[in-house]
Amino acid sequence: MSLKKKFARESFTIMNELVLPNDTNTLNNLMGGRLLHWMDIAAAISAQKHCNRIVVTASVDNVSFKHPIKLGDVITIEAKVTRAFNTSVEVRLDVWAENIPSGARQKSNEAYYTFVAVDQSARTIPVPEVIPESEEEIELFDGALRRRQLRLVLGGKMSPDDASELKALFFKA
């Protein structure tokens, strides 16, 4: 079966959430787990738009919280597929928190999620290639192989000796 290539922009997804009392901890800050849940949903939508298939979360890269997100803030999560491999896609997420009354908006988080496309029997299936267009998309596309190799090495699924893209960062040929 021939898979149609797709532009990265076709997977672009924006999701908004209002931080309500049930989403916060005792300091009235958004709970990290709630944000990760929302990020997973936005990333899955982006991956499904690219693959036109059901996808399952395979990994979540390091997520650091740069600023607390407060009760009443509006969260904007932007997600876009950066690269496709055989049966998986990498999705980049950027999270913004906005206090509507003051107009203050700041970037809170960024992360990469990996999804695997599956059929109705939960068997992995091939995904379309990604065509990057903008400078940023090309940069993210080029870095995706290194990030993938790092994930595989850290997950014990690849020997560090086989991670040629990573080794190239540290050792000259």
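Predicted model: local features only at pLDDT ≥ 70, side-chain atom pairs only at ≥ 80, totals over all residues.
Visitor: Where is the place of Arg53?

Guide: Arg53 sits in the loop between H1 and strand E3 (54-60).

Visitor: What makes Arg53 count as partly exposed?

Guide: Its relative accessibility is 38%. Buried needs under 20%, and exposed needs over 50%. Arg53 falls in between, so it counts as partly exposed.

Visitor: Which residues does Arg53 touch, not counting those up to four places away in sequence?

Guide: Gln48, Ala117, Val118 and Ile125. Take Val118: 65 residues separate it from Arg53 in sequence, yet the C-alpha atoms are 6.8 Å apart.

Visitor: Why does Thr13 count as buried?

Guide: Thr13 has 7% relative accessibility. The cut-off for buried is under 20%. Therefore Thr13 counts as buried. It belongs to strand E2 (residues 13-18).

Visitor: What does the side chain of Thr13 reach?

Guide: The backbone oxygen of Ser11, at 3.1 Å. Beyond four places in sequence, Thr13 also has contacts with Ala42, Ile45, Ser46, Lys49, Ile77, Glu78 and Ala79.

Visitor: Which residues touch the most other members in the largest nonpolar core?

Guide: Leu35, Met39, Ile75, Ile77, Val89 and Phe115, out of 32 residues in that core. Helix H1 (32-51), E4, strand E5 (88-99) and strand E6 (104-118) each give two or more residues to the core. H1 gives the most, with 8 residues. In soluble globular proteins, nonpolar side chains tend to be buried together.

Visitor: What is Val89 in contact with, leaving aside its neighbours within four places in sequence?

Guide: Ala47, His50, Cys51, Val81, Arg83, Ala84, Tyr113, Thr114, Phe115 and Val127.

Visitor: How many cavities does the rule count?

Guide: The count is 1 cavity of 30 Å³ or more. The largest cavity holds about 30 Å³ of space.

Visitor: How do you know that space is left?

Guide: A probe the size of a water molecule, rolled over the atoms, shows where it is empty.

Visitor: Which residues line the largest cavity?

Guide: Ala8, Lys80, Val81, Thr82, Glu137 and Leu140. Strand E4 (74-84) and helix H2 (135-154) each supply at least two of the lining residues. E4 gives the most, with 3 residues.

Visitor: How do the residues of that lining divide?

Guide: Into 3 nonpolar, 1 polar and 2 charged. Ala, Val and Leu count as nonpolar, and Lys and Glu as charged. Thr is among the others, so Thr82 in this lining is polar.

Note on methods: Residues numbered from 1 in each chain as written. Heavy atoms only, no water. 1 Å grid on protein atoms, 1.4 Å probe; cavity = no way out; pocket = protein on both sides within 12 Å on 5 of 7 lines; lining within 4 Å. Points joined across faces, edges and corners; volume = space filled by probe spheres on them. Helix = DSSP H or I, 4+ residues; strand = E, 2+ residues; numbered from the N terminus. Core = buried A, V, L, I, M, F, W, Y, C linked by side-chain atoms within 4.5 Å. Buried < 20%, exposed > 50% of the residue type's maximum accessible area, 1.4 Å probe, protein only. Contact = heavy atoms within 4.5 Å. Polar contact = N/O pair within 3.5 Å; in protein donor to acceptor, adjacent residues only side chain to side chain.
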